[in-house]
Amino acid sequence: MDLDEGWLSRRIFHDQDIYEAEMRNIFARCWLFVAHETQIPNPGDFLTTYMGEDAVIVCRQKDLSIKVFVNSCPHRGNKVCYADAGNARRFVCNYHGWGFDTAGKLQGMHEEYCYDPGDIDKSKWGLKEVAKVDSYKGLVFATFDPAVPSLADYLGDYRWYLDCIVDNDEGGTELIGGCIKSIIPANWKFGVENFVGDAYHAGWTHDSGTRAMNDGNPFPPIDMVNSFHASANGHGHEFGLEGVGDIFLLGRPKVMEYYNSVLRPRMAKRLGERRSMIFGSVASASIFPNVSYLPGISTFRTWLPKGPMQLELRTWVIVNRNMPDEIKEEITTGVMQTFGPGGAFEMDDGENWENCTLSNRGVVTREEKLHYRCGIGRKLDHPEFPGTIYRGQYNDANQRGFYRRWQDLMNAGGAWSEVPDRNSNRLRGRETRDLPGGLLNL
Ligand code: FES
Ligand SMILES: [Fe+2]
C-alpha cells in the first residue's frame, strides 16, 4: 500500500495472517469502546462485549468504578457469563461451577474438597483484568496494553469533533432502546472506513432509500467548498456546514423542529456557532479502530471483527439525556427507519461491503490495487478546525488517515514510542514514513 500515492492492497480485507496481526497490533493495544456509562449505572450492573475477539465483561463495582475482565474461565476457558447484560452478585461458570465476584476474583467452586492443599491458590486464579479503563464524557474505553498513551492523548484533537455528539448539551448522552446485533459477511474495516469519510457513496448507494424516506426528494447536494474531512490519529469526521443534512435524512419533522428551536441555539452557546452547524450536517465519523456514529442521525455502533471476512455489527441509538421523551422516541423511530437492521440505508451498505470483501479475495483479483486517491491534493491549514483537514466532503482523505494509523500500528512492533504522531496539521511533509519490507509492507 502507498497512501501518499493513494492506493491500498486488497489483501488487507481477507488475509488470515494480516487479520491475526490486526488482533495483536491493533485490538490488543488500542483503547477500545466497551460501554456507555449509563448502560451500567448501579453496582453489579454488567454487560458483555468483545475487545478484538477476546470476550470481556464490563462491570460496575461497589465503589462505582468500572472493571473490565476477560469472559473466560481459567479452568477450561468457558465463558463465565453468557448473558448480554444484567445485574449480578457473582459470575458462576456453567461447566464445573467456579464462581467469581463482580471484581473477577475467584471466590470458590463446586465440590471444593476435590482440590488438595496446594492444588490451587484462589487469589491467583481470577479472571484476567484489562490493563486500563477510562472514560470520555460517558464513553467507556478499555485497553489490554499498559503502555498505551492516555485516552485523552489517544483521542487527541479528535475530541473537538467527538464533543459534537457527546457534549452538545447539559447532562450528557445515553444509549437507549437496547442493542441490535447483526452479522455481516464483510471485513470489519469496510464499516469503519465507510463511516470515517465515505460521503461519496451516500447519494448513489442510498438514492432510492433517500427518495422513499423523503417524498421523492434526492440526497442533499454536497457543497464541495464548505465541507471537509478532518482526521487525527486515525479517527475521522467528515462534515458540511449547512446544519441540516443528516437531520433532514432522519425524516422526523419534530426532531428537525426541536433541533432548530431548542438544541442548536444551546449547542451554539456551548460549543460555538461552527460546531452547531457541523452537528446536523451531512456527516459521519469513526473512532479508531472500530466505532462509528452519525451525529445528526443518532446511530452509534461498533464493528466487532469475527475473522477476516465477517463482522458483528452492534448498534444503539444515542440521545441527550435531557431531551423530552417524545423527541427520544421520534429519534428512535427515525434511526430504525434509516439505520435499523431493516432500515432504508443499512441494508444498502451491507450488500456492498459483502461483495467488496468477497471479490477482493480472488487469487488474481487480490494482486490488483484499490484506488484511494480522491482529493489527495486538497489538504489545507484551517484556522479553526483541529486535526488534518482536507477540503470537500467527496474525498478519500479520512480513509487515508485511518489506514495510515492502521499501517503505523501494524508496523510498530509493539512499542507505542514507534507509532508516529498523526494527531494534527503539525505534521508536515510526506504523510507516511517509508516502511521496511515484510508482511505489512503491502
Ligand atoms: S471451565 Fe469453568 S469451571 Fe471448568
Ligand atoms: Fe451508507
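1. A crossing of two helices is right-handed if the near helix is turned clockwise from the far one by less than a right angle. In this predicted model, helix α4 passes helix α12 in a right-handed crossing.

2. The residues that bring α4 and α12 together can be listed. On the α4 side they are Val 192, Glu 193, Val 196 and Gly 197. On the α12 side they are Ala 397, Asn 398, Gln 399 and Phe 402. By class, this contact of α4 with α12 holds 4 nonpolar, 3 polar and 1 charged residues.

3. Now the geometry of that pair. Helix α4 spans residues 188-197 and helix α12 spans residues 397-411. Their axes lie 7 Å apart and meet at an angle of about 135 degrees. Because angles over 145 degrees count as roughly antiparallel and 65 to 115 as roughly perpendicular, α4 is oblique to α12.

4. A second pair is formed by helix α8, residues 253-271, and helix α9, residues 273-280. The angle at which α8 and α9 pack is about 135 degrees, and 7 Å separates their axes. The two helices are therefore oblique to each other. The crossing of α8 past α9 is right-handed.

5. Which residues of α8 and α9 make the contact? Helix α8 contributes Tyr 259, Arg 264, Met 267, Ala 268 and Leu 271. Helix α9 contributes Glu 273, Arg 275, Ser 276, Phe 279 and Gly 280. Sorted by class, the contact of α8 with α9 comprises 5 nonpolar, 2 polar and 3 charged residues.

Technical notes. Residues are numbered from 1 along each chain as its sequence is written. Chains are lettered from A and ligands numbered from 1 in the order in which they are written. This is a predicted model: local features need pLDDT of at least 70, side-chain atom pairs count only at pLDDT 80 or more; totals for chains, interfaces and linings use all residues. Axes are lines fitted to C-alpha atoms, for helices over the stretch in contact, and angles run from 0 to 180 degrees between N-to-C directions. Helices (H or I, at least four residues) and strands (E, at least two) are DSSP runs, numbered from the N terminus. Angles under 35 degrees count as roughly parallel, over 145 as roughly antiparallel, 65 to 115 as roughly perpendicular and the rest as oblique. Two residues are in contact if their C-beta atoms, placed from the backbone, lie within 7 Å. Ala, Val, Leu, Ile, Met, Phe, Trp, Tyr, Cys and Pro count as nonpolar, Asp, Glu, Lys and Arg as charged, and the others, Gly among them, as polar.
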